[in-house]
Every structure is written in C-alpha cells, then in structure tokens.
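I opened a new page for this structure. My plan is to look up a few places and write down what I find.

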Amino acid sequence: TTLFRSVGLSKGALYLRFASKEDVALSTLDRVNSRLRDRLQTLLETESEPVERVRKMLLERLMFRYDSVRGYSESFDDVFAAIRPQLMKRREEWLSQEHALFTEALSRVPSLPTNSTPKNAELLMLATKGLLPYRLLPDEIERRDEHERKARELIEFLLQSLQLTGGSR
C-alpha cells in the first residue's frame, strides 16, 4: 500500500502496467541502473584528465547507488528475497554494461597498457563492490559522509596502485 501511495497510483492502475510487486521492484532497479549508466557515460565524455575521469566514475558508481537506497529501512536481503533469480540475471547485465564504460575510460589513460584494460576495469569494479549499498546494513546507510570518505580513500588507493604498477599483469 505504501508503494502505491508513494507513486500516486491505485493498485489497479499500477497493475495495468505491472503484473506483480516483483515486476515493480525490478522495474525500479532497472531505472536506477539506467540512470547510473547515463551518469557514467556523461562523466566518460567530460574533458577532464583521464585518471580524474575514472576517479569520478568510480565515486559516482558507489555514491549514486548509495543515494538511491537511502530511504530503505530494511535489509536488501529481506526486500529482494522474492526476486533474487530475476535480480541476479539483470545484475549481470547491468555490471556488464558498467564494465564496458570503465573499460572505455581506462583505455583513455595513456600510462596504462591497453592489453590489460578490460581486466583492470573488472578488478576496479570488484574492489569497490564491498562499498555498494546492497552490502550495507540499514544503520550504515545513514552514515553517508563516512561512506563517501571510505569510497574516496579506496578509489585513491586503487588508482595509485594501478598507476604505479602500470596496470595488471
């Protein structure tokens, strides 16, 4: 009922478009991930220095999702348990699309060897995965400043390590 009121629709009107609550949840997640990819694409096309572009994209990847879920008060495991199989399939698609954007961003960093660019993109995404909000407990979601500080520190560490080693081996 709260879901229906929050979007200003009756149950009947909502179910004309969606077959179930699960479809509503998946559609909402699709929109969040689509907006994130649009924002990452915009950052990819900025005129900033290549490493700074990657830095901004990584921070946006973490903080956009974080800000998208700040209103939730339940564990994501509880919220999404009913849609887990569909969610995991879509999540793989979303991550693949993000990977392509990060691969493109890293390919523009002249100091990195291009033969390791897809692997480096994969590793950056894997390394930041622990700060994505589906890994946070509800009380942790309320500490945005702390979360952003940790995200910035991790990103700096990763980018410095990547530049010092010239990319993955």
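**Entry 1: Ala151**

I started with Ala151, which touches Leu59, Leu62, Met63 and Leu131, leaving out residues up to four places away in sequence. The model is predicted, and I read every entry here with that in mind. I placed Ala151 in helix 9. Is Ala151 buried or exposed? Its relative accessibility is 0%, so I logged Ala151 as buried. I also looked up its distance to Leu132. Ala151 and Leu132 are 19 residues apart in sequence, and their C-alpha atoms are 9.5 Å apart in space.

**Entry 2: Thr128**

Next I went to Thr128, in helix 7 (residues 117-128). Thr128 has 0% relative accessibility and therefore counts as buried. Which side chain does the Thr128 side chain join in a polar contact? I found Arg61, at 2.7 Å. I then listed the contacts of Thr128 beyond four places in sequence: Leu58, Arg61, Leu62, Leu154 and Leu158.

**Entry 3: helix 4**

I checked the length of helix 4 (residues 50-68). At 1.5 Å a residue, its 19 residues should span 27 Å. The end C-alpha atoms of helix 4 are 27 Å apart, so the two values agree. How many of the 19 residues of helix 4 are buried? I noted 14, so helix 4 is largely enclosed by the rest of the structure.

**Entry 4: nonpolar cores**

I turned to the largest nonpolar core, which has 31 residues. Val54, Met57, Leu58, Phe102, Leu106 and Leu124 touch the most other members. Helix 3 (21-44), helix 4, helix 6, helix 7 and helix 9 (144-165) each supply at least two residues of this core. Which helix gives the largest share of this core? I found that helix 4 does, with nine residues.

I followed up on Phe102. Beyond four places in sequence, Phe102 touches Leu40, Val54, Met57, Leu58, Arg61, Ala121 and Met125. I also found a second, separate core of five residues, including Leu29, Ile83, Leu87 and Trp94.

**Entry 5: Ser96**

My last stop was Ser96, in helix 6 (residues 84-107). I read its relative accessibility as 47%, which means that Ser96 counts as partly exposed; the cut-off for exposed is over 50%.

Note on methods. Residues numbered from 1 in each chain as written. Predicted model: local features only at pLDDT ≥ 70, side-chain atom pairs only at ≥ 80, totals over all residues. Heavy atoms only, no water. Helix = DSSP H or I, 4+ residues; strand = E, 2+ residues; numbered from the N terminus. Buried < 20%, exposed > 50% of the residue type's maximum accessible area, 1.4 Å probe, protein only. Expected span 1.5 Å × (residues − 1). Polar contact = N/O pair within 3.5 Å; in protein donor to acceptor, adjacent residues only side chain to side chain. Contact = heavy atoms within 4.5 Å. Core = buried A, V, L, I, M, F, W, Y, C linked by side-chain atoms within 4.5 Å.
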